[in-house]
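Work through the following exercises with the sequence and the model side by side, and try each task before reading its solution.

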Amino acid sequence: MKTFNRVFLIVMDSVGIGEAPDAEKFNDKGAHTLGHIADHMNGLKMPHMGNLGLGNISSIQGIEPTQNPKAHYTTMVEASNGKDTMTGHWEIMGLNIQQPFRTFPDGFPDELLDQIKSKTGRGIVGNKPASGTEILDELGEHHLKTGDLIVYTSADSVLQIAAHEEVVPPKELLEICEFARELTRDEKYMVGRVIARPFIGEPGAFERTSNRHDYALKPFGTTVMNNLEDEGLDVIALGKISDIYDGEGVTESIRTTDNMDGMDQLVSSMDKDFKGLNFLNLVDFDAKYGHRRDPQGYGEALEAYDKRLPEVVEKLKEDDLLIITADHGNDPIHHGTDHTREIVPLLVCHNGITEGKALEQRQTFADIGATISENFSAKMPEHGKSFLKDIQ
């Protein structure tokens, strides 16, 4: 059976492709991130993803099925109990998360905030679910005058702390977030991520900087990435991948500023001589457009990503494997600002494919991790079924 020397895994953050079988349980019946964006755009222009077989997976306006797809294609169903970034990514790497992370739709308890106030000597404002840009417009001027920390959350399991870099230097903000992370690790709070959100600018023109840092919980078990590292293989994490796994199993981490920088880093890393996994998350789809319910911006970002895809495909060597998927949905036409419980696309590409075919629908995202493990003869994860033999 053919194996691959390098595996490139792209997660299009939140690019779901239709409601999951249990979507109703998550109040997400009818969600279809790609489909609704395509309808809003009167057709998505994604010819390169179309050539791989994206239009063969689901009916998407503007992306026609192709007679000769360049990749094998199917969808995956999430087995874990959740629809957030960490749950999706952890499942991709072989875990199954049945206890969902806690969310705080009414803000965080006073007991927690009092501990942060006592430690930092600063007040706190906000403490509610909010858009990261809107809360700066609302409270940024107050923060400049008082030095109070802007604390907010979202529909995700996150505690976010925003501060102007001239009021709270980034080093101080990171120390505050590290303290908050330690306070929220146990089952009492079970917060998935604590995020430092530094910003600059003046009232009416605040801008978040690239000095953001995520403090995630450690995965609740050994992941495929840990097993690859144990075998002496490379695990290159691009974008927020290292943050999502709290550095576990990562041998090299490269931060990115946005989707296009992520694609730049991916293309550049393809010139490296390594053996193992190169793992990229493209966060803009989710953070900039899905949560802000901006289908136009989301569609334009998808089309911009598609234009970059040939650079990746053309650089694939004979022993390279490219896997493209997503971690959940975030339908910008759907109600609220939350992620949506959706199936996700799976496209698998290598130079040995003469004609792509439909694969069996995968019943867990962990099938990706199992496939990567089998490819490198690493310890198999507890969850997931390899499809390596099916993509020969």
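A residue is called buried when its relative accessible area is under 20%, exposed when that area is over 50%, and partly exposed in between, using a 1.4 Å probe and protein chains only. The model is predicted, so local features need pLDDT of at least 70 and side-chain atom pairs count only at pLDDT 80 or more, while totals for chains, interfaces and linings use all residues. Residues are numbered from 1 along each chain as its sequence is written, and side-chain values use heavy atoms, with hydrogens and water left out.

**Exercise 1.** Decide whether Trp90 and Phe101 are buried or exposed, and work out how their rings are arranged.

Solution. Start with accessibility: Trp90 and Phe101 are both buried. Next recall the rule for rings of Phe, Tyr and Trp (its six-membered ring), which pair if their centres lie within 6.5 Å, with planes under 30 degrees apart counted as stacked, over 60 as edge-to-face and the rest as tilted. By this rule there are nine aromatic pairs. For Trp90 and Phe101 the ring centres are 5.6 Å apart and the planes stand at 75°, so this pair is edge-to-face. The pair links distant parts of the chain, because Trp90 lies in helix H4 and Phe101, eleven residues away, in the loop between H4 and helix H5 (110–120), where helices are DSSP runs (H or I, at least four residues) numbered from the N terminus. Finally, ring pairs join Trp90, Phe101 and Phe220 into a cluster.

**Exercise 2.** Classify the ring pair formed by Phe199 and Phe206, and say how accessible each residue is.

Solution. The ring centres of Phe199 and Phe206 are 5.2 Å apart and their planes are at 80°, so the pair is edge-to-face. Phe199 has a relative accessible area of 0% and is therefore buried, and Phe206, at 14% relative accessibility, counts as buried too.

**Exercise 3.** Describe the surroundings of Thr85.

Solution. First place the residue: Thr85 lies in helix H4, which covers residues 85–92. Then check its accessibility, which is 2%, so Thr85 is buried. Last, look for contacts, meaning heavy atoms within 4.5 Å: leaving aside neighbours within four places in sequence, the partners of Thr85 include Asp13, Arg193, Asp286 and His339.

How values were computed
Helix = DSSP H or I, 4+ residues; strand = E, 2+ residues; numbered from the N terminus.
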